Amino acid sequence: MSELPTVLNQLFSYIDDNKRAYIDVLRTAVAIESVSLWPNNYGEVQRMVEWTADKLKALGADVELADIGEHEMMVDGKRIPFPNVILADLGKDPNKKTIVVYGHLDVQPASKEDGWNTEPFELTEKDGKLYGRGATDNKGPVVCWMNVIEAYQKLGIELPVNVKFIFEGMEESDRDELLVNLVEARKNDFLANTDFVCITDNYWLGKNRPCLGYGLRGIVCYNVEVECARQDLHSGVFGGSVYEAMSDLCWLLSTLVDKETNITIPGIERDIVPLLPIENEMYESIDYDVQDYKNVVGANRLPHNENKTRILMARWRYPALSIHGIEGAYYEPGFKTVIPGKVIGKFSIRLVPNQDIEHINECVTKYLNEKWAERGSPNILNVSLVSTVKPWTENPHHPHYEAAKTAIRHVYNVEPDMTREGCSVSIALSLQEATGKNVILIPLGACDDGAHSQNEKIDVYNYIEGTKLLGAYMYEVGKL
């Protein structure tokens, strides 16, 4: 590896010296219970937005708190406003590259009673790990951006790039359209003169090697409703004398995917990009341990003959269908001997680049209606597409990615894994389309951080080295 540039030597030393202060900043952020799934909690989300805005202002940024509308819920005869989105400018030097940075400030619900070993909104350091809701998703990475910019300023080193921040408070609430609409509305003013886009809202593939993300699957979500009666029925009185909706629905859902995880809906595979000659080699070179993955998941056996390349491709480059639950059925402990009058099955398909949502919907609707005819039930079926996100992919050989690879070498002394993601993040595609510029995913946390789960954490190592990585990334982009 080449010698570390003097600027980065200074920066990295400063970050190491201020590790405790940076952990304290994250502790303050985690303590704000910014759960966006609860409309009655929007005040806390807004408090998190304003806390972040104040931090950015202290760094010299011009900050706008953008209005994105109101929730449908009424309180005291008024609708509840959604938390603002931060649009902030730090630097407008025409001789520098401009990076748009995206992150989110809201978190998933959490309580000690859910199975946490610590108080979720009190950052707890133990065995080199920082436990707390939002520590990795996504408050930790957001705070890293502010920490590293402050480090540059404290050292008297001119920031090598201009930075535009987009920090929102509704990412965890399935309200993607709110930010998408704002991005579209502001593409000709706030987003003008963008050179690159950076998103730090994903994770390493494993626990040891950093990676860069260049693709995301899309998603289509469906409700499958079966109705057999105007109301729920007592099974002791009506059982055996009616065609039950639950039996019909369970049968329908069971036909969507086979036991080896293959989607059984004809036509779904039509637009999948054929495997390129170099892809097997790319996947083989990725640092990924199948046994470790099994241990993390807690699975006895994995599909695809537990082959590393085939498992990674199943996670990233091929579509997948998952059944998520049934609304209207009794799910509490014990028995409730009832025949549901109406049940709604919920499933989704993760899409990959080139797959057309309209075509997928035609295939799904046609298949389910044909299966319903085969079932021959007199009950009422209704299939509805409830939400969609398009897949996204990027050129991983772009100079922007090469700069990020160099930054990773500066910090970790390794080559990063080049990965795609199995999840769906609509903002990546929205920012790509609005700016027309290259978008990169730079994860800071590890695969076992437990985002959305009990005992969410970020390792101190990832938090501090991740701060250095963002500093090195800006340094390298500034040279483009």
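View 1. Eight aromatic pairs are found when the whole structure is searched; rings of Phe, Tyr and Trp (its six-membered ring) pair if their centres lie within 6.5 Å, with planes under 30 degrees apart counted as stacked, over 60 as edge-to-face and the rest as tilted. The pair of Tyr 42 and Phe 82 is tilted, at 5.9 Å centre to centre and 45 degrees between the planes. Tyr 42 is in helix α3 (residues 42-58) and Phe 82 in the loop between β3 (78-81) and β4 (85-90), so the pair ties together parts 40 residues apart in sequence. Helices (H or I, at least four residues) and strands (E, at least two) are DSSP runs, numbered from the N terminus. Tyr 42 and Phe 82 are both buried, where buried means under 20% relative accessible area, exposed over 50% and partly exposed in between (1.4 Å probe, protein chains only). This is a predicted model, in which local features need pLDDT of at least 70, side-chain atom pairs count only at pLDDT 80 or more, and totals for chains, interfaces and linings use all residues. Residues are numbered from 1 along each chain as its sequence is written, and side-chain values use heavy atoms, with hydrogens and water left out.

**View 2. Charges over the rings of Phe 190 and Tyr 318.** Lys 164 lies over the face of Phe 190, 4.9 Å from the ring centre. Arg 317 is placed over the face of Tyr 318, also with 4.9 Å to the ring centre. A charge sits over a ring if NZ of Lys or CZ of Arg is within 6 Å of the ring centre and within 35 degrees of the ring normal.

**View 3. Packing of helices α4 and α14.** Helix α4 (residues 139-154) packs against helix α14 (residues 460-477) at an angle of about 60 degrees, and their axes are 9 Å apart. Axes are lines fitted to C-alpha atoms, for helices over the stretch in contact, and angles run from 0 to 180 degrees between N-to-C directions. The contact (heavy atoms within 4.5 Å) involves residues of α4 including Trp 145 and Tyr 152, and residues of α14 including Tyr 463 and Met 474.

View 4. Trp 51 counts as buried because its relative accessibility is 19%. Leaving aside neighbours within four places in sequence, Trp 51 is in contact with Val 25, Thr 28, Ala 29, Ile 32, Val 143 and Met 146. Gly 341 is 290 residues from Trp 51 in sequence and 48 Å from Trp 51 in space, C-alpha to C-alpha.
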